[in-house]
Amino acid sequence: MSIKNLGIIGGGQLGSLLADAAKKFNIQTTIYCDDIDAPAQNFCDNFIFGKYDDKHKIQEFTKVVDIITYEFENIPYETLNNINLSKPVLPKPSVNKLIQHRISEKDFINKLNIRTTRYAAIESKSDIEPLGDFLPGILKTTTLGYDGKGQYPIKKIEEIGSLNLDFSKGYILEKLVKLKKEISVIITRFGNNSYEIYEPIENTHENQILKHSIIPAEISKKIFDESKEWAIRIAEELKYIGTLCVEFFIDKNENLYVNEIAPRVHNSGHLTINAFNISQFENHVRAVCGLEKIALKKISNAKMVNLIGNQIKPYRENFKLNENEFFFDYQKKEIKDKRKMGHITTLI
Ligand code: ADP
Ligand code: MG
């Protein structure tokens, strides 16, 4: 079936850049989002505002599109599953369900003989007390976290008392990895053993929010190969269709760990727009819409810098770009602290 209208759930910058990528193929995009000010409405053809559990609105959305994908993982499983009964959802809803929960995600990765941080499920305060050797660690909500939200670094058991935890939600305690570096690998899978994979990207975080991404990553050949091999193993095991990102930690002893999987395009892959013949967004559209897979070619090394909060301001005010610089403004209505407002990619 040739896809004429692609439905995208979620209207942030990732949705915007997906909608942009679809234009090349004359595919119309309809974005569904629960934020009336969603910036992606400036980039798509149709925009539907509604809550993610509003059956009526979701039905209206499903009717006008041929196929549905999503730009973030925290969509109720029931919603994706219901949509999937009438129109295909890619990546499939079961993938999203597995990955949106930090414990089922890590259990899955470990079953593939891939290393993660040590972790334990926490359902009450008393669950943490015997876990002294997991400290220092980070306590995280098992669901709905992003950009470091819902995370509490803990050095000593006594600190837990002062945290305002809500045990009606689940938590996970992860041992803190002594980080040397963080990298990510982005892969787009089209079908059985059919994929395009980007080289590892080196990432720097500030306050748990991604700040810079750069290629080439300064890593050993062993880590370069192992991270790609693990990303392929994960994508194949999930029978994934579309673009997926695996975030990794490298510790001071050169051990590689999977931090988490993002079942979607990823902020660290923004540099692929300018640094490769085909971006992660175009590849996602190609894979979910059943279009041709084209061999990836790197055009240039690159560095991407996220513009967070007020950092966007000087770039909006007649900033002169060099030929090798590319500025993206997500056109968010309001500038907010700790909010990703845009990015700038420099070819190096
Ligand atoms: P999010 O879903 O918010 O992206 P992550 O689990 O990726 O959550 O955490 C965000 C960042 O916090 C990571 O990229 C890393 O810099 C830091 N971090 C998270 N967990 C650990 C850990 N177990 N050890 C060391 N650093 C961590
Ligand atoms: Mg992360």
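**Notes on a predicted protein model**

1. Let's start at a loop: P216 sits between strand 12 (209-215) and helix 7 (221-237). Helices here are DSSP runs of H or I with at least four residues, strands are runs of E with at least two, and both are numbered from the N terminus. The peptide bond going from I215 to P216 is cis, and its omega is near 0°. Another cis bond links L135 and P136, with omega about -5°; P136 belongs to the loop between helix 6 (125-128) and strand 6 (137-141).

2. Some housekeeping before you go on. This is a predicted model, where local features need pLDDT of at least 70, side-chain atom pairs count only at pLDDT 80 or more, and totals for chains, interfaces and linings use all residues. Residues are numbered from 1 along each chain as its sequence is written, chains are lettered from A and ligands numbered from 1 in the order in which they are written, and side-chain values use heavy atoms, with hydrogens and water left out.

3. Now the whole chain. You'll find 10 helices and 17 strands in it. Its radius of gyration (taken over C-alpha atoms) is 20 Å, close to the 20 Å from the globule rule for 348 residues, so the chain is as compact as a globular protein of that length. That rule is 2.2 Å times the number of residues to the power 0.38. The C-alpha trace spans about 55 × 50 × 45 Å along its principal axes.

4. How much of the chain is buried? Buried residues account for 53% of the 348; buried means under 20% relative accessible area, exposed means over 50%, and partly exposed is in between (1.4 Å probe, protein chains only). As for contacts (heavy atoms within 4.5 Å), take those between residues at least 6 apart in sequence: 61% of them join residues at least 24 apart.

5. Helix 1 (residues 13-23) is worth a look: nine of its 11 residues are buried, so the rest of the structure largely encloses it. Among those buried residues are L14, L17 and L18. Their cover includes strand 1 (5-9), strand 2 (28-33) and helix 9 (280-288).

6. Q280, in helix 9, is at 0% relative accessibility and counts as buried. Leaving out residues up to four places away in sequence, Q280 touches I186, Y198, T243, V265, H266, G269, H270 and T272. F61, in helix 2, is also buried at 0%. With that same exclusion of residues up to four places away, its partners include G7, I31, Y32 and I68.

7. N26 lies between helix 1 and strand 2 and is exposed at 71% relative accessible area. Its phi is near 55°, a positive value in a residue other than glycine. N113 sits between helix 5 (102-111) and strand 5 (119-122), counts as exposed at 68%, and has a positive phi of about 60° without being a glycine.

8. Finally, which residues lie closest to the centre of the second largest pocket? Its volume is about 240 Å³, and of the 14 lining residues, K55, I58, T79, N82 and I83 are the closest to the centre. Helix 2 (55-64) and helix 3 (77-86) are the elements that give two or more residues to the lining. On a 1 Å grid over the protein atoms alone, a pocket is an open set of points where a 1.4 Å probe fits, with protein on both sides within 12 Å along at least five of seven lines; lining residues have an atom within 4 Å of a point. The volume is the space filled by probe spheres set on the points, which are joined across faces, edges and corners.
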